[in-house]
Amino acid sequence: MSTTTLERPASARKTASSFVPELVFFEPAALDYPKGKRIMEWVQQSGIPYRMTTSHNRITNLPGDSELEQYKIAKRTLVVGLRKTLKFDTSKPSAEYAIPIATGCMGHCHYCYLQTTLGAKPYIRVYVNTDDIIEAARGYIAEREPEITRFEAACTSDPVGLEPITGSLAELIEFMADQEHGRLRFVTKFHHVDSLLDLRHNGHTRIRFSVNDKYVIKHFEPSTSRFEDRIEAAAKVARAGYPLGFIVAPIIWHEGWEEGYAELFASLAEALPKDAHAGLTFELIQHRFTKTAKGVIEKRYPKTKLEMDIEKRKYKWGRWGQGKYVYPDEQADALRMFISERIFDHFPDATIDYFT
Ligand code: SF4
């Protein structure tokens with residue numbers, strides 16, 4: 001079947017508390033895999049338009065009259081294919097390797113680094129050959145034994161938002177449960193964790209939620225789960241015995257930031273049940289951007305309030321010659337100190353993994 005209608009079918013609309021794409025592409029080989037077949041059945045039952053494609057890397061005929069319109073449609077387009085490159089990227093400082101189960105995200109966070117890393121391919125790709133990906137991970141773990149090897153599953157996507165469609169995280173979590181020297185971690189701005197709660201995880205998967213103050217969520221994170229829903233999901237995963245953490249990113253200097261971040265940690269402490277406070281980790285990442293990212297963001301979100309004034313920033317040299325603009329030391333230190341103090345006020349036993 002092939003159709004160009006992008007009106008979401010009524011049957012799909014009803015189930016839309018989790019992500020429902022408006023158009024789906026399949027690589028023919030994906031249908032040889034149980035996961036590919038399952039997704040196809042769901043697409044057909046939901047009445048979502050779909051097309052076949054020769055490669056998940058070459059989706060060229062997206063509808064839309066302007067670049068901006070095509071970008072918005074791409075963010076609601078799912079591509080189901082095979083992961084061919086099984087060489088994992090490194091993922092410092094949070095893990096040794098990025099484990100690739102999906103690429104792209106339906107969120108519209110203005111600051112998201114996928115804006116530039118995915119370039120002209122912002123559509124969402126999910127991979128059905130999870131067994132191949134898991135075998136590759138097994139190889140990476142064996143190479144480093146007896147050291148622990150950590151895999152980050154959210155480097156190129158937000159896999160929790162896609163979990164109701166793919167079930168890939170569940171497979172990784174159960175695989176990692178049996179790995180003495182392997183650990184999984186991922187971060188999310190979505191709350192669709194219910195299917196993960198009863199899994200056998202053996203404490204080998206750390207689930208982190210990305211949180212921010214009200215100003216940042218309101219202005220820069222459209223199409224993600226609400227703060228309250230993220231925290232409710234965090235409490236559920238803590239009760240399910242998963243190691244839990246929070247990433248505060250990007251930390252943004254804006255008018256009223258002290259009140260905003262003070263309120264964030266106070267409401268986090270209040271909303272999170274006391275039994276979820278033990279063993280918490282926090283990762284703190286200040287806002288940064290490259291010159292390329294600034295150009296792309298201003299094109300895609302022309303009314304954004306995101307401050308990207310190069311004159312007000314410090315240039316930090318990066319790998320591959322592409323440096324980043326971060327806050328000057330004085331501002332970065334103020335953010336780091338203020339936020340660290342608030343964290344330890346409310347969560348005295350927490351660990352701050354890093355501020356960068
Ligand atoms: S949820 Fe995460 S991956 Fe998705 S757009 Fe927002 S920052 Fe990017």
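Here is a short talk about cavities and a pocket.

Mentor: This is a predicted model; local features need pLDDT of at least 70, side-chain atom pairs count only at pLDDT 80 or more, and totals for chains, interfaces and linings use all residues. Residues are numbered from 1 along each chain as its sequence is written, and side-chain values use heavy atoms, without hydrogens and water.

Trainee: How many cavities of 30 Å³ or more does the structure hold?

Mentor: Rolling a probe the size of a water molecule over the atoms shows where empty space is left. A cavity is a set of points, on a 1 Å grid over the protein atoms alone, where a 1.4 Å probe fits but cannot get out; lining residues have an atom within 4 Å of a point. The structure holds two cavities of 30 Å³ or more. Of the 14 residues lining the largest cavity, Tyr-71, Lys-75, Leu-114, Gln-115 and Pro-122 are the closest to its centre. Its volume is about 70 Å³, the space filled by probe spheres set on the points, with grid points joined across faces, edges and corners.

Trainee: Which residues line the second largest cavity?

Mentor: They are Ile-101, Ala-102, Val-126, Pro-159, Leu-162, Thr-166 and Ser-168. This cavity has about 30 Å³ of space.

Trainee: How much space lies in the second largest pocket?

Mentor: A pocket is an open set with protein on both sides within 12 Å along at least five of seven lines. Here the second largest pocket has about 320 Å³. Of its 17 lining residues, Glu-67, Gln-70, Tyr-71, Ala-120 and Pro-122 are the closest to its centre.
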